[in-house]
Amino acid sequence: MTLLVDPPPLDGTFALAPETIASFQRDGHVLLRNVLTPDEIAAYRPALKAAVARSNDDQHAMEQKVAGNGKNWMFVNNLWTLDPVARLFVLAPRLGEIAADLMGVDAVRLFRDQSYFKGPGGANTPWHQDAYFMPLDTDQIVTMWIPLTDIVPELAPMSYVTGSHRHGFIAPSTGDDEAMDAFEADMRARGLAIHNYGRLDAGDIAVHSAWTMHSSRSNTAEQLREAIVIVFFADGARLATERPMTRDAPPQDFFARLIRKQNRDTSLPGLAPGEIAAGPMTPLVFAR
């Protein structure tokens, strides 16, 4: 397959209605339809897939750690550093402006991107909150989940606990079906709804807040689920001071501390706590 050398730039504004922004801030997640055109997806998808195939390496993928053995997953961290076309995609001004609009900030930086390619039978992703693993002093962090093909329920689109971003830390689940079922029952008992958008078309983007509980079940289809995840944060955030730990802290706290260190080393190398979270691995993507 011939890859396009000069794919179309992903600039231009994708206007968000005030009620869309209000919905996101209320619910902690939103589905945006047709952010990318079919021609744009067709131009970028081959290069993104090729970059994943060349660099499939899970050792730096937070989601791999969260998901356990990650059966039939293809994770590549920071595709934007590995391929010039992927760089144009991940650092697209259109996407950065959407992130800024949803958070109500003037400028955003990239924290990281990852391929979330889940093969047939690919394992569950447990219920978790991204912010628990982020070494930043801000809640102004959003994750974009971008399918490169049409996604049907069998391909394991994301599920969200609506409003959970307003409830602080919630202990994550493990990845087995029984534990995830029990977690969902507990959320409903607390009066929180579980939402899954069911079908997403290539070019749609699902966005969630860093404190929004989310998960994904096993891929029961016979094809690869292709999705790219991009995490943005508000410009001006600082590297957080690591939380003190006690010997009797639950295992999940030690695990989260390990992932936060991994994220610091990958995205914010060389910075000290309290310093502005800006550097070569966290480029400015959009500023008004």
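These are my notebook entries on a predicted model, taken one topic at a time.

**Entry 1: the sheet**

I began with the strands. I found an open sheet of 6 strands, paired antiparallel, in the order E1-E9-E6-E11-E3-E12. Which strands stand at the edges? They are E1 (29-32) and E12 (284-287), and each has a single partner strand, so one side of each is left without a neighbour in the sheet. From one strand to the next, I noted an average twist of 25 degrees. I then looked up what packs on the sheet: helix H1, residues 18-27, does, and it touches E1, E6 (141-147) and E9 (205-209). The direction of H1 makes about 145 degrees with that of E1.

**Entry 2: strand E9**

Next I followed E9 to its partners. E1 and E9 run antiparallel and are joined by 4 bridges; here I saw valine 30 opposite valine 207 of E9. E6 also pairs with E9 in the antiparallel sense, over 4 bridges, and valine 142 stands opposite serine 209 of E9.

Is E9 enclosed or open to the outside? I counted 5 of its 5 residues as buried, so E9 is largely enclosed by the rest of the structure. Ile205, Val207 and Ser209 point one way from the strand, while Ala206 and His208 point the other way.

**Entry 3: valine 108 and the E3-E12 pair**

I moved on to E3, residues 107-115, which is joined to E12 by 3 bridges and runs antiparallel to it. Opposite valine 108 I found phenylalanine 286 of E12. What else does valine 108 touch? Leaving aside residues up to four places away in sequence, my list includes Gly96, Ala99, Ala100, Met103, Phe232, Pro283 and Leu284.

**Entry 4: helix H5**

Several of those names sent me to H5, which spans residues 93-103 and is mostly covered, with 10 of its 11 residues buried. Among the buried ones I wrote down Leu95, Ile98 and Leu102, and also Arg94, Glu97 and Asp101. After H5 comes glycine 104, with a positive phi near 70 degrees.

In soluble globular proteins, nonpolar side chains tend to be buried together.

**Entry 5: helix H2**

I closed with H2, which covers residues 38-55. Its 18 residues reach 26 Å from first C-alpha to last, close to the 26 Å expected at 1.5 Å a residue. Where does H2 kink? The kink is at tyrosine 44, shortly before proline 46, and comes to about 30 degrees. The buried residues of H2 include Tyr44 and Pro46, as well as Glu40, Ile41, Leu48 and Val52.

I also checked alanine 47, which sits in H2. Is alanine 47 buried or exposed? Its relative accessibility is 3%, and the cut-off for buried is under 20%, so I put it down as buried.

Conventions
Residues numbered from 1 in each chain as written. Predicted model: local features only at pLDDT ≥ 70, side-chain atom pairs only at ≥ 80, totals over all residues. Heavy atoms only, no water. Helix = DSSP H or I, 4+ residues; strand = E, 2+ residues; numbered from the N terminus. Expected span 1.5 Å × (residues − 1). Bend = angle between axes of the 7 residues up to and from the residue. Buried < 20%, exposed > 50% of the residue type's maximum accessible area, 1.4 Å probe, protein only. Pairing = 2+ DSSP bridges. Axes fitted to C-alpha atoms, helices over the stretch in contact; angles between N-to-C directions. Contact = heavy atoms within 4.5 Å.
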